[in-house]
Amino acid sequence: MRSAPADLFLTFAKIGLFTFGGGYAMLPLIEKEAVDNKKWITDNELLDVVAIAESTPGPIAINAATFIGKKVGGFIGALCATIGVVLPSFIIIVAVSYFLEAFQHLKIIRYAFWGIRAGVLALILMALWSLFKKSRKDIFTYLLMAASGVAVLFFNVNAIIVISVCAVIGIAALRVGGKRE
């Protein structure tokens, strides 16, 4: 049996190695490994991790790995999970950078990247659907979600401002409405 730091490193290295498209594309794999397979966190804790990871500086997958690693293995667990999720991407980017310029004119390379983009979009949509299914559903939440989308998409409001305002509204709703859970 592997130690918690080694298990965290290997699990997040696998996630980092087999996921293209950034943190949102990694969320379904993080959910499968951390919630379903390893039982390190619950569905609700994953929603909290995603909310915190989106609200703090840095890439979402790295922040999520750090939070999950800290919960499972303390500081060393956080370090191992973070290095695990970053290392494969770092190695791949360094390797690709050496060859991309020489081969980017090839039609097969352009089509490969076209296919990767389509797959990444599917993973991001899957993560969005998964988060939506697990989120609280009431008229207040739907209105807040719609207002946030309109603010970002049509009025180019900075996402940081939207997230901050939504956090304040959520806290205010808790104080006004009382704790429901």
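## Exercises on a predicted helical model

Phe12 is in contact (heavy atoms within 4.5 Å) with Ile30, Trp40, Ala65, Ile68, Ala81, Gly84 and Val85, leaving aside its neighbours within four places in sequence. Before you start: this is a predicted model, where local features need pLDDT of at least 70, side-chain atom pairs count only at pLDDT 80 or more, and totals for chains, interfaces and linings use all residues. Residues are numbered from 1 along each chain as its sequence is written, and side-chain values use heavy atoms, with hydrogens and water left out.

**Exercise 1. Find which residues have the most contacts inside the largest nonpolar core, and which elements give two or more residues to this core.**

Step 1. A nonpolar core is a set of buried Ala, Val, Leu, Ile, Met, Phe, Trp, Tyr and Cys residues joined through side-chain atoms within 4.5 Å. Buried means under 20% relative accessible area, exposed over 50%, and partly exposed in between (1.4 Å probe, protein chains only).

Step 2. The largest such core has 22 residues, and Phe12, Ile30 and Ile68 have the most contacts inside it.

Step 3. Helix 1, helix 2, helix 3 (43-55) and helix 4 each give two or more residues to this core. Helices are DSSP runs (H or I, at least four residues), as are strands (E, at least two), numbered from the N terminus. Helix 4 supplies the largest share, 7 residues.

**Exercise 2. Describe how helix 1 and helix 4 pack.**

Step 1. Helix 1 (residues 4-17) meets helix 4 at an angle of about 35 degrees, and their axes lie 7 Å apart. Axes are lines fitted to C-alpha atoms, for helices over the stretch in contact, and angles run from 0 to 180 degrees between N-to-C directions.

Step 2. The residues of this contact divide into 18 nonpolar, 6 polar and no charged. Here Ala, Val, Leu, Ile, Met, Phe, Trp, Tyr, Cys and Pro count as nonpolar, Asp, Glu, Lys and Arg as charged, and the others, Gly among them, as polar.
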